[in-house]
Amino acid sequence: MITRFYQQIGLRFSFTNIDNTFSEKKPRYRVISGGAAASAYAVTVLPPYISPVKSLKALQTAGSLLESWLQPGSGVFITAEQVNTILDFVESEFGLFSKVLAGYDPVFALVDCCHSEFNSEIVLLHNASGRGILRHFVFNIKPDAIEEVTPEYVFFHELGHAMQIEHDETLEAFPESAVETLLANGFPGFRSIPLYNQQEIFADMMSVGLMFHSPYQELNPFTRLLEPQHQEAYHLLVKKLLEPDK
Ligand SMILES: [Zn+2]
């Protein structure tokens, strides 16, 4: 039964199947929602198949994790239309789609519930030939974060993580060339904080740079916390990181 279960989810939800539905036309990305988005998240969390007995145990663990993570939606959520508009914006302003995202056949999965830990999550997978595949899961904003953040800012923040992945080809680093700007623009203690927090700050500051002087600027909570000249420094840093010879 377990083997059959894995065969079934492999047939119905494997990322390979999703990838095969990409058209050759630009833009090469997909926005999925509803049951397809929830299934894509579940499949990402499920453990790989080992053996009927071991996999049953691992599936039970994954099932309880999913149950504990996912809660009813808060209703504060980004729409597929907003995602398309933001992707058009970052492409026309920065070439971000063609320079960063296009290489990863990204799927943006709008999961209509709250996650107990994240407002969104980016996952870097690799296909059989080693090509990086980006899965960007967007959840409803957590009830305790609604006062602080907007769905648009959360989406830009994840684009910041995508820039970091593109630069370092892993989630376990961040661009060294960004450190000087961070030290001089609001984060003098940047070097002494843990890597995870460094990556979060980097993604946040990329969101500031991408949203600077745009219709989105006021939706970024950091615009109330950072001096305008610091915000501009991050705008310039985004452009520098996206230059061909970065
Ligand atoms: Zn983050």
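Gly75 is exposed, because 11 other C-beta atoms lie within 10 Å. The terms used here are cut-offs on that count: a residue is buried if 20 or more other C-beta atoms lie within 10 Å of its own, exposed if 12 or fewer, and partly exposed in between, with C-beta atoms placed from the backbone. Gly75 sits in the loop between strand 2 (70-71) and helix 5. Its C-alpha atom is separated by 34 Å from that of His167, and the two residues are 92 residues apart along the chain.

The structure is a predicted model, in which local features need pLDDT of at least 70 and side-chain atom pairs count only at pLDDT 80 or more, while totals for chains, interfaces and linings use all residues. Residues are numbered from 1 along each chain as its sequence is written.

**The whole chain**

The protein chain has ten helices and five strands. Helices (H or I, at least four residues) and strands (E, at least two) are DSSP runs, numbered from the N terminus. The radius of gyration is 19 Å, close to the 18 Å that the globule rule gives for 246 residues, so the protein chain is as compact as a globular protein of that length. That radius is taken over C-alpha atoms, and the globule rule is 2.2 Å times the number of residues to the power 0.38. The C-alpha trace spans about 60 × 40 × 35 Å along its principal axes. Of the 246 residues in the protein chain, 32% are buried.

**Two domains**

The domain assignment gives domain 1 (1-148) and domain 2 (150-246); such bounds come from an automatic or database domain assignment. The C-alpha centres of domain 1 and domain 2 lie 23 Å apart. In all, 23 residues of domain 1 are in contact with 18 residues of domain 2, where contact means that the C-beta atoms of two residues, placed from the backbone, lie within 7 Å. On the side of domain 1 that touches domain 2, helix 5 gives the most, with six residues.

The table sets out the lengths and spans of two helices. The expected span is 1.5 Å times one less than the number of residues.

| Helix | Residues | First to last C-alpha | Expected span |
|---|---|---|---|
| Helix 5 (80-94) | 15 residues | 21 Å | 21 Å |
| Helix 4 (52-69) | 18 residues | 25 Å | 26 Å |

Which residues of helix 5 are buried? They are Val83, Ile86, Leu87, Val90 and Phe94. These residues cover an arc of only 100 degrees around the axis, which puts them on the same side of helix 5. The arc is that of the directions from the helix axis to the C-beta atoms. An α-helix has 3.6 residues a turn, so residues three or four places apart point the same way. On the other side of helix 5, Glu81, Asp88 and Ser92 are exposed. The cover over the buried residues of helix 5 includes strand 1 (30-33), strand 3 (107-115) and helix 7 (151-168). Gly95 follows helix 5 and has a positive phi, near 65 degrees.

Helix 4 is hardly covered, and the count of buried residues among its 18 residues is zero.

**A residue in helix 3**

Ala38 lies in helix 3 (residues 34-45). Ala38 is partly exposed, because 19 other C-beta atoms lie within 10 Å. Ala38 and Phe139 are 101 residues apart in sequence, and their C-alpha atoms are 9.8 Å apart in space.
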